[in-house]
Amino acid sequence: RQYQRRVHGALSVEIEGQSPAGHAGTPAGHLEDTFEDRHDHHDHQEVTVPATTRLHQHDDAPTAFTEDVILRGHRSSVDAVCFSADGTWLASGSKDTSVKVWDLNCRQLSRDLRGHITDVSSVAFNPKRPILASGGRDETVRIWGINGAHLATLEGHDTLVTGVCFSPDGEVLAACTAEITSTGKGHTRENGRIILWDAQDHSRLNDLSGHEGAVWAVAFAGSPDSLLSAGGDGQVRLWDLTGGRNHWDLQLTQGIPVACLSTFPAGSVAACGDDDGSISLVDLRQGRIVRRLEGHEAPVLSVSFSPDGTSLASASADSTVRLWNCADGRQTAVLQNHGDLEVSAVAWHPTDRSLLATGGEDALVRVNILPSL
């Protein structure tokens, strides 16, 4: 059974198999000891962005997180979050058209990047260079330096950009698109494709088409030559980039879009979130579903693996973030830290499994300290 307890209205956690104090199955006070010591005495640190910001230099040693951190500054829903490869920077993209880069050692805003003229849908750090890419509904991908420099604007997508990601070697940038047009009487038609860009000279390398609808997410599958895509047609496709061909496709759902995906860095497993609230774990070597995770009550909007690949975090329009054990599919915890609003984005820290970043419709970015799972 699952039981829920709200701590000061800021964080709600459900742990499988435990019950609130005073109920049968758990001695009175057990949950108090487990969570009140962690959150009630130091709920969170709130960081308010000043009107003028500057680049903060890193200290020699990172400052350990001892409490949840709330990063304020966006003026609308935060739809994308991403850690840098070394975990010292956190980027967020918002419907307020901005991309913000946060220095996690200082817990402060480092850069407020302006250039998109409408919603920012995705952000991604280059794993090898101090570079950040952002994709927007303004049909562009923008390339930024960590120092705040605007390096390039990639055009030619011809419709809204729904996702961006860099290859593991940092040499290729993939962007996916979604074109949604009305056909009358409440019906729409969707199209989408993937565009590959050279991450250094920003030249266009190739276009990949095959989804029968919008392409909502892309992620490299452990190698610079393998790219995974998720579409509105309910399919997940694995592309062989050496020949620009589709290696295999897997029909996850019928008529239900696959909205997000994440690959374990080793490249052997992917998690794919659907609009029906379910998540599929896919064996990328065999192109088959190995497990389905059920629990969300609304579309899954973002998924992220823990650094060791043993756990998965999922964010949903049902206002929750859920944590899963990948080995047995068991739901291990539920976080409800953006109130009753949609949680649009989730990203696990690349080296510390106790830290999870989330972004929501409340315009907040949170770095959450997770309970021991």
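D308 forms a salt bridge with R353, with 3.1 Å between the closest N and O atoms. A salt bridge here is a side-chain nitrogen of Lys or Arg within 4 Å of a carboxyl oxygen of Asp or Glu. The pair links distant parts of the chain, 45 residues apart. D308 sits in the loop between strand 26 (300-305) and strand 27 (311-316), and R353 in the loop between strand 30 and strand 31. Strands are DSSP runs (E, at least two residues), as helices are (H or I, at least four), numbered from the N terminus. D308 counts as partly exposed, at 38% relative accessibility. R353 is likewise classed as partly exposed, at 29%. Buried means under 20% relative accessible area, exposed over 50%, and partly exposed in between (1.4 Å probe, protein chains only).

The model is predicted: local features need pLDDT of at least 70, side-chain atom pairs count only at pLDDT 80 or more, and totals for chains, interfaces and linings use all residues. Residues are numbered from 1 along each chain as its sequence is written, and side-chain values use heavy atoms, with hydrogens and water left out.

The loop that carries R353 lies between strand 30 and strand 31. These two strands form a hairpin with six residues between them. Strand 30 (residues 343-348) and strand 31 (residues 355-360) pair in the antiparallel sense over five bridges. Two strands count as paired if DSSP finds at least two bridges between them. V346 stands opposite T358 in strand 31. Strand 30 is mostly covered, with six of its six residues buried.

Strand 19 (residues 226-231) is also mostly covered: five of its six residues are buried. Strand 19 takes part in two hairpins. With strand 18 (residues 215-220), strand 19 is joined by five bridges in an antiparallel arrangement. V215 has G231 of strand 19 as its bridge partner. Five residues separate strand 18 from strand 19, and G222 in that turn has a positive phi of about 85 degrees. With strand 20 (residues 235-240), strand 19 again pairs in the antiparallel sense over five bridges. Here the bridge partner of L228 is L238 in strand 20. Three residues lie between strand 19 and strand 20, and G234 in the turn has a positive phi of about 80 degrees.

Four strands form an open sheet in the order 5-6-7-8, with antiparallel pairing. Strand 5 and strand 8 (108-113) are the edge strands, and each pairs on one side only. Neighbouring strands of this sheet are turned by 20 degrees against each other on average, direction ignored. Axes are lines fitted to C-alpha atoms (for helices, over the stretch in contact), and angles run from 0 to 180 degrees between N-to-C directions. Five bridges join strand 7 (residues 99-103) to strand 8. Within this pairing, V101 has R111 in strand 8 as its bridge partner.

D112 pairs with K100, the closest N and O atoms being 3.0 Å apart. D112 lies in strand 8 and K100 in strand 7, so the pair ties together parts that are 12 residues apart in sequence. D112 counts as partly exposed, at 31% relative accessibility. K100, in contrast, is buried, with a relative accessible area of 1%.

S84 is placed in the loop between strand 5 (78-83) and strand 6 (89-94). This residue is buried, with a relative accessible area of 6%. Leaving aside neighbours within four places in sequence, S84 is in contact (heavy atoms within 4.5 Å) with W89, F125 and P350.

A further open sheet of four strands has the order 9-10-11-12, again with antiparallel pairing. Strand 9 (120-125) and strand 12 (150-154) stand at the edges, each with a single partner strand, so one side of each is left without a neighbour in the sheet. The twist averages 20 degrees from one strand to the next. Strand 9 is joined to strand 10 (residues 131-136) by five bridges. A124 stands opposite A133 in strand 10.

The side chains of E171 and R129 meet in a salt bridge (2.9 Å, N to O). E171 is in the loop between strand 13 (160-166) and strand 14 (172-184), and R129 in the loop between strand 9 and strand 10, 42 residues apart. E171 is partly exposed, with a relative accessible area of 29%. R129 counts as partly exposed too, at 24%.

Across the whole structure, the search finds 12 salt bridges. D158, R193, R204 and D207 are linked in a network of such bridges.
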